[in-house]
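The following exercises concern side-chain contacts in a single protein model. Please work through each task before reading its solution.

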Amino acid sequence: MDILFLGGVFDNDSYVEKSKKGIQNAANILQWNIINGIECVIGKPINILNSIFVGSFPKKYTDVLVRSYNWSHVDGAVDRNVGFINIDGVKHISRSYKISKDIKKWARQLSKEKIIIAYSMHTPFLYAIKRAKRINPNIKICLVVPDLPQYMKLSTNPSILYKLFKSMDIKLIRTLMKYVDYYVFLTKYMADFFNIPSDRYVVVEG
């Protein structure tokens with residue numbers, strides 16, 4: 001079994017130092033708990049394909065370019081942090097392209113059973129899942145859903161343009177959900193909202 005965790009964990013403190021506003025500590029802790037929990041159960045490390053959750057340049061983060069690099073969270077793990085252009089409007093496109101490029105390489109690797117566990121209804125992640133599924137339809141996808149897309153990255157004073165892009169993003173997410181096999185929700189109401197059958201999801205406390 002080859003398991004890939006697709007998420008946005010912090011592997012060092014530099015991201016905290018470069019953030020001008022609060023970072024997603026709760027999301028980081030939950031993701032690491034999932035990774036550690038899976039590794040405890042299966043008795044071996046899983047691989048992480050990572051693209052950090054930080055605010056955009058220049059108001060929320062100091063770097064306009066987030067670099068790519070390889071690392072290992074434990075001995076035996078093959079992890080990669082995928083960089084992107086950290087500017088609103090370009091960020092999603094840049095992240096989608098680069099993550100998809102790496103995930104396609106992983107999807108082509110020979111393995112009897114491949115599983116992707118993705119964290120959050122993040123459009124670049126779902127788009128990458130789509131690309132992986134097209135290369136290898138036998139890959140099983142499990143999506144962890146901590147928040148509904150309409151409540152993610154809310155703006156206090158949203159412009160008409162922001163509302164338009166948000167609406168488009170939610171519609172795209174719903175379209176890409178057809179590539180997901182199983183879900184992990186934080187409440188049963190999330191499953192009811194998307195009308196997911198009971199045999200395709202579990203509920204855990206975040």
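The exercises below treat salt bridges, aromatic pairs and charges over rings in this predicted model.

**Exercise 1.** Classify D102 and R80, which meet in a salt bridge, as buried, partly exposed or exposed.

*Solution.* The N to O distance between the side chains of D102 and R80 is 3.0 Å. D102 lies in helix α3 (residues 91-108) and R80 in strand β5 (residues 79-81), so the contact joins parts 22 residues apart in sequence. Buried means under 20% relative accessible area. D102 therefore counts as buried, at 17%, while R80, at 26%, counts as partly exposed.

**Exercise 2.** Locate the two residues of the salt bridge between D181 and K133.

*Solution.* The closest N and O atoms of D181 and K133 are 3.0 Å apart. D181 is found in the loop between α5 (160-176) and β9 (182-185), and K133 in helix α4 (residues 123-135), 48 residues away. D181 is buried, with a relative accessible area of 18%, and K133 is buried at 12%.

**Exercise 3.** Assign a geometry to the aromatic pair of F53 and Y119 and to that of F185 and Y201.

*Solution.* The ring centres of F53 and Y119 are 6.4 Å apart and their planes meet at 40°, so this pair is tilted. F53 sits in the loop between β2 and β3, and Y119 in strand β7 (residues 114-119), 66 residues apart. Both F53 and Y119 are buried. The pair of F185 and Y201 is edge-to-face, with 5.7 Å centre to centre and 65° between the planes. F185 is in strand β9 and Y201 in strand β10 (residues 201-203). F185 is buried at 0% relative accessible area, and Y201 is buried at 14%.

**Exercise 4.** Which residues lie over the faces of F84 and W106?

*Solution.* R95 lies over F84, at 4.2 Å from the ring centre. K114 lies over W106, at 4.1 Å from the ring centre.

Key: Residues numbered from 1 in each chain as written. Predicted model: local features only at pLDDT ≥ 70, side-chain atom pairs only at ≥ 80, totals over all residues. Heavy atoms only, no water. Salt bridge = Lys/Arg side-chain N within 4 Å of Asp/Glu carboxyl O. Helix = DSSP H or I, 4+ residues; strand = E, 2+ residues; numbered from the N terminus. Buried < 20%, exposed > 50% of the residue type's maximum accessible area, 1.4 Å probe, protein only. Phe/Tyr/Trp six-rings, centres within 6.5 Å; stacked < 30°, edge-to-face > 60°. Lys NZ or Arg CZ within 6 Å of the ring centre and 35° of its normal.
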